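Hello,

Here is the structure for your files. My notes on one of its sheets follow below.

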Amino acid sequence: MKKLVGLIGYPVSHSMSPEMHNAAFQKSGLPFYYDKYEVHPDRLEEAVYNMRTEGFAGWNVTIPHKQTIMPYLDEISDEAKKIGAVNTVVNENGKLIGYNTDGAGFVKGLMRHVHFPIEQAKVLIIGAGGASRAIGYALAQTAPKSIVIANRTMEKARDIQKECLREHDKVISLQEAAAVLSDFQIVINTTSIGMKNDGSTPIDLLHLAPGTVLSDIIYNPYKTAFLQEGEKRGTIIDNGVSMLVLQGALSFEKWTGMQPDIELMETIVIEKLGGNYVNR
Ligand code: ATR
């Protein structure tokens, strides 16, 4: 009998997770099957009830349910509590446990490009939404020298700094960030600006130093204006495929206790996106 896992969200039609996970399950010889389920916000409680009683091994959670699912779960991991969002549920013999693999997945992807000691790195995170919070929290666990968050609405960045980062980490404006850009060895764009695909970037990249690791969590467009501009300036670029694949790989591990073939998962996603460079 197949063990069921999947994705709940609203909408979910665009998701590449079924192909990515099912290929990895097959490669590992695991009897798991991943499907996507569109769940209207009004029916979330009912969906969780049904998935529990139908014996789902677990599932992923995406927008708009990442916060609202929390009251329907039996336990929330520390990192999901701090991040304030659940993207992975594990059904442990009827007990539903909520985790967040977004931040740790992002960091794992990023680290493939960081060939210097992370303790020496100054990191800039641009944006202060849900993704920024998950990434900030997970990055702080790796203890870089400093993390600075820049956001249009500075209050939102201050909340993340207080709740997820360390005392010496800082908040600055987007203008300040542009001016001191060459101070950072790692620069991460978590804003949604690139999705418009109109050439705009969250900050001016004039002062970007060559060799900087530059990351954008967007994968559609495949190479945002932010990454294109960075590439011209000699930075090492990484798009949102890394986070998508590695958050998925961490969910896979939680459900199965095994490590998936990450390269296979990544190849499937890149093919689906028609991508022309590989994030490795
Ligand atoms: P998510 O939860 O997926 O990270 P979000 O909460 O919508 O997404 O966050 C989007 C981020 O992009 C926010 O930091 C937002 O800035 P504000 O907090 O000031 O709203 C940022 N963002 C979106 N459009 C922007 C723009 N045109 N200029 C600057 N920042 C922008």
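Which residue is the bridge partner of serine 215 in E12? The partner is aspartate 238.

This is a predicted model, in which local features need pLDDT of at least 70 and side-chain atom pairs count only at pLDDT 80 or more, while totals for chains, interfaces and linings use all residues. Residues are numbered from 1 along each chain as its sequence is written, and side-chain values use heavy atoms, without hydrogens and water.

The sheet is open and has six strands, ordered E9-E8-E7-E10-E11-E12, with parallel pairing. Helices (H or I, at least four residues) and strands (E, at least two) are DSSP runs numbered from the N terminus; two strands pair if DSSP finds at least two bridges between them. E9 (170-172) and E12 (236-238) are the edge strands, each with a single partner strand, so one side of each has no neighbour in the sheet.

E11 (residues 213-216) pairs with E10 (residues 186-189) in the parallel sense over four bridges, and isoleucine 186 stands opposite valine 213. With E12, E11 forms three bridges, also parallel. Val213 and Ser215 on one side of E11, and Leu214 and Asp216 on the other, are all buried (under 20% relative accessible area, 1.4 Å probe, protein chains only; exposed is over 50%, partly exposed in between).

E11, helix H8 (residues 225-232) and E12 make a right-handed β-α-β unit: with the strands pointing away from the viewer, the path from the first strand over the helix to the second runs clockwise.

Regards
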